[in-house]
Amino acid sequence: MSYADIVKEANTYSNVLKDIRRDLHQIPEFGLQLPKTLERVLASVHGLGEITLSKTITSAALHIKGGQPGPTVLLRADMDALAVVEDTGLDFASTNGFMHACGHDLHMAMGIGAAHLIATHKDELKGDVIIWFQPGEEGHGGADVMLEEDMHLVSGQMPIAAYGIHVFSSYPKGMFGSKVGPLMAAAGGMTVTFKGAGGHGSMPWLSKDPISPMAEAISALQTMVNKRFSAFDPVVINVGWVKAGDDHTENVIPEVASFGATIRTFSVANTEKVKQYSTELLNGIAAAHGLEVEVEFMPSTKVLMNDAKAIDRVEHVIQDAFGPGRYWSMPDPIAGGEDFASIVDLIPGAFVFMGACPDGIDPSTASTNHSNKAMFDDSVIADGAALLASLAFDALNEASRG
Ligand SMILES: [Zn+2]
Ligand SMILES: [Zn+2]
């Protein structure tokens, strides 16, 4: 059975996978508890392998045992939606205040499709495949919880490789893209609170205004990025909110002023340096104005590092399965974060992007992932499922050859 045959086979049940995706699209759930979603997924993979459920979150690991002995490969599909009110006008749009605006409904359908392809041909499978259905990708650390609960070990051995796909509403339909090394940023954040002393706005010298040092800090952080970090190992710090005072008054100096920023880095060294340098800078500014500052860092995802051998496999499997012109070797990583990073930190693997911009929409102006207007062409699901299944077969075939 060639990878092109797997693609053909996957496309014979493209409509079934689309229907599953559209069902899932109408029941989006948020965070780590997705009971309706998991129930629908489990119904679609019933009988294909052994299911292990988490004790704390709604996650499942499907273990498909191959007909021949060998190592284990892990595939991952994430399942959670965003707190976004959908405005696509699609006839299967969600109406419950949440939305699959990041395409995880397509990922679940791909995982389900891959499970069927692998189970159908499990006699030819030289080892085992674990497929994760994971909640809480959107900043809730779902992958980390599943790793802590050893759900990558349900076959009784450490997987030799891990693969995952992410769709994008603004990338050309059917195109795959990835790269060796860093693909996605470590995404973290900080909240900063300047603690002064309130008073009358007419007499600032009698109080400790927290707003001025906060304003200074917000611009000083950008100078810090520019002056203390290499231009060739980029850092992004972006302030997303500021809070101080009350918009009913102009003549009051508030006691505290605070802001929150997202932090993106592409190396472990910079993830640590940002914490150290920001803390020094913010303490320095606060001290210069006679105030105190509290700096709190949120846990960061890891930098998503693709393994060179795993990317080799992605490239040649895509070539064999779909022919030339379907893979784009990306020159740069993207600054988004992903908890798949925790998986490939432990297990060598690769994360692959897949374009899902609907026909008739220009990818360059299409609404992006996370937009309330983001639309994904679900005709790509079958190819995505075929790629996941083919990667698993290929990794296990190679391992069996020693
Ligand atoms: Zn997302
Ligand atoms: Zn996502």
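Which strand does Lys 243 lie in? Lys 243 lies in strand β10, which covers residues 235-244; helices (H or I, at least four residues) and strands (E, at least two) are DSSP runs, numbered from the N terminus. Before going on, a word on the ground rules: this is a predicted model, where local features need pLDDT of at least 70 and side-chain atom pairs count only at pLDDT 80 or more, while totals for chains, interfaces and linings use all residues. Residues are numbered from 1 along each chain as its sequence is written, chains are lettered from A and ligands numbered from 1 in the order in which they are written, and side-chain values use heavy atoms, with hydrogens and water left out.

Back to Lys 243. Is Lys 243 buried or exposed? Lys 243 is exposed, because its relative accessible area is 57%; buried means under 20% relative accessible area, exposed over 50%, and partly exposed in between (1.4 Å probe, protein chains only). Leaving aside residues up to four places away in sequence, Lys 243 touches Met 214, Ala 257 and Ser 258, where a contact means heavy atoms within 4.5 Å. Thr 58 is another matter: Lys 243 and Thr 58 are 185 residues apart in sequence and 35 Å apart in space, C-alpha to C-alpha.

Now zoom out to the whole chain. Its secondary structure comes to ten helices and 16 strands. The radius of gyration is 24 Å, close to the 21 Å that the globule rule gives for 402 residues, so the chain is as compact as a globular protein of that length. That radius is taken over C-alpha atoms, and the globule rule is 2.2 Å times the number of residues to the power 0.38. Along the principal axes, the C-alpha atoms fill a box of roughly 80 × 45 × 45 Å. Of the 402 residues, 52% count as buried. Among contacts with a separation of 6 or more, 82% come from residues 24 or more positions apart.

Next, look for the zinc ions. Donors here are N, O and S atoms within 2.8 Å of the metal (3.2 Å for Na, K and Ca), and water is not among the atoms, so sites may look incomplete. Cys 102 is buried, with a relative accessible area of 7%, and Glu 138 is buried at 17%.

Cys 102 also bridges the zinc ion (ligand 1) and the zinc ion (ligand 2), which lie 3.1 Å apart. The protein donors of the zinc ion (ligand 2) are Cys 102 (SG), His 104 (NE2) and His 166 (NE2), lying 2.1 to 2.4 Å from it. His 104 in helix α4 and His 166 in strand β5 (residues 161-168) are 62 residues apart, so to speak a link between distant parts of the chain. Both His 104 and His 166 are buried.Finally, the aromatic rings. A search of the whole structure finds eight aromatic pairs. Rings of Phe, Tyr and Trp (its six-membered ring) pair if their centres lie within 6.5 Å; planes under 30 degrees apart count as stacked, over 60 as edge-to-face and the rest as tilted. The rings of Phe 30 and Phe 98 are stacked, because their centres are 5.7 Å apart and their planes are at 25°. Phe 30 is partly exposed at 37% relative accessibility, and Phe 98 is partly exposed at 27%. Phe 168 and Tyr 171 make another stacked pair, with centres 4.7 Å apart and planes at 25°. Phe 168 counts as buried at 12%, whereas Tyr 171 is partly exposed at 23%. Phe 168 and Tyr 171 form one aromatic cluster with Phe 340, Phe 351 and Phe 353.
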